[in-house]
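Open the model in your viewer and follow the stops below. Each stop tells you what to select and what is there.

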Amino acid sequence: MCALAKFWLAVLTEIRNRGVADVCIAVCDGLKGLPDAITTVWPLTVVQTCLIHLLRNTFRYASRQYWDEMSRDLRPIYTAVNEAAAKEQFTEFAGKWGPRYPAIVRLWESAWSEFVPFLDYDPEIRRVICSTNAIESLNARYRRAVRARGHFPSEQAALKCLYLATRSLDPTGKGRARWVTRWKPALNAFAITFEGRITPTVI
């Protein structure tokens, strides 16, 4: 096991020891060693690559003038009804763009095993697991809040800072109400897909 995998294993083991007994799906954005660590700590977890990161990395290899056309050609792959249909669309994509951008084809081929789990789920689940952007946005807010203060006199002061940064994202609570409503179809789909592993909590 590589050093990064050992680091993530220690982090995730601590999270499990704190009470996270099970994880159904983990969306990763390419951090080395993280997928192996996840499946070591929670063997039943499905590791899914972040679709948005995969697309961003794709466009890094391509000239900007081709982005719109390439985006249209990629869409049938990640909206396919199943892996077989996605593979068929990817073969067409590779035939068209491979000669010009072979690195893009290799990128998708190397990410394929962690991309395809996404295709096994209902649209409701696909919508909430396609990206890690919401988490990254929250972490960016935390970093800004911490940098603005420089240091904290105690752990309690640091936790209060993070709490206030979290509350500032939705001071009225209206956003939370919208997200709860938006998550209902996904929660139903999760409960069926991962039967026996999801226990709804009344808030």
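Contact here means heavy atoms within 4.5 Å. Keep in mind that this is a predicted model.

**Stop 1: Q48.** Select Q48, in strand β2 (residues 46-49). Is Q48 buried or exposed? Its relative accessibility is 1%, so Q48 counts as buried, the limit being under 20%. Now show its surroundings. Leaving aside neighbours within four places in sequence, Q48 is in contact with I25, A26, V27, C28, E114, F115, P117, F118 and I129. Pick out F115 from that list. The side chain of Q48 reaches the backbone oxygen of F115 at 3.2 Å.

**Stop 2: F115.** Move to F115. Beyond residues up to four places away in sequence, F115 touches Q48, T49, L51, L54, I77, Y78 and W108.

**Stop 3: the cores.** Select M70, L74, I77, W108 and F115. In the largest nonpolar core, with 36 residues, these touch the most other members. Elements giving two or more residues to this core are α3 (51-60), α4 (67-78), α5 (83-97), α6 (102-115), α7 (123-129) and α10 (174-193). Colour α6: its 7 residues are the largest share of this core. Then find a second, separate core of 10 residues, with V23, A26, L34 and A37 among them.

**Stop 4: α4 against α5.** Show these two helices. How do they pack? Their axes are 7 Å apart, at an angle of about 155°. Therefore α4 is roughly antiparallel to α5. On the α4 side, select E69, M70, D73, L74, P76 and I77. They meet A86, Q89, F90, F93, K96 and W97 in α5. By class, this contact has 8 nonpolar, 1 polar and 3 charged residues.

Conventions:
Residues are numbered from 1 along each chain as its sequence is written. This is a predicted model: local features need pLDDT of at least 70, side-chain atom pairs count only at pLDDT 80 or more; totals for chains, interfaces and linings use all residues. Side-chain values use heavy atoms; hydrogens and water are left out. A nonpolar core is a set of buried Ala, Val, Leu, Ile, Met, Phe, Trp, Tyr and Cys residues joined through side-chain atoms within 4.5 Å. Buried means under 20% relative accessible area, exposed over 50%, partly exposed in between (1.4 Å probe, protein chains only). Helices (H or I, at least four residues) and strands (E, at least two) are DSSP runs, numbered from the N terminus. Axes are lines fitted to C-alpha atoms, for helices over the stretch in contact, and angles run from 0 to 180 degrees between N-to-C directions. Angles under 35 degrees count as roughly parallel, over 145 as roughly antiparallel, 65 to 115 as roughly perpendicular and the rest as oblique. Ala, Val, Leu, Ile, Met, Phe, Trp, Tyr, Cys and Pro count as nonpolar, Asp, Glu, Lys and Arg as charged, and the others, Gly among them, as polar. A polar contact is a pair of N or O atoms within 3.5 Å; within protein, one must be able to donate a hydrogen and the other to accept it, and residues adjacent in sequence count only if both atoms are side-chain atoms.
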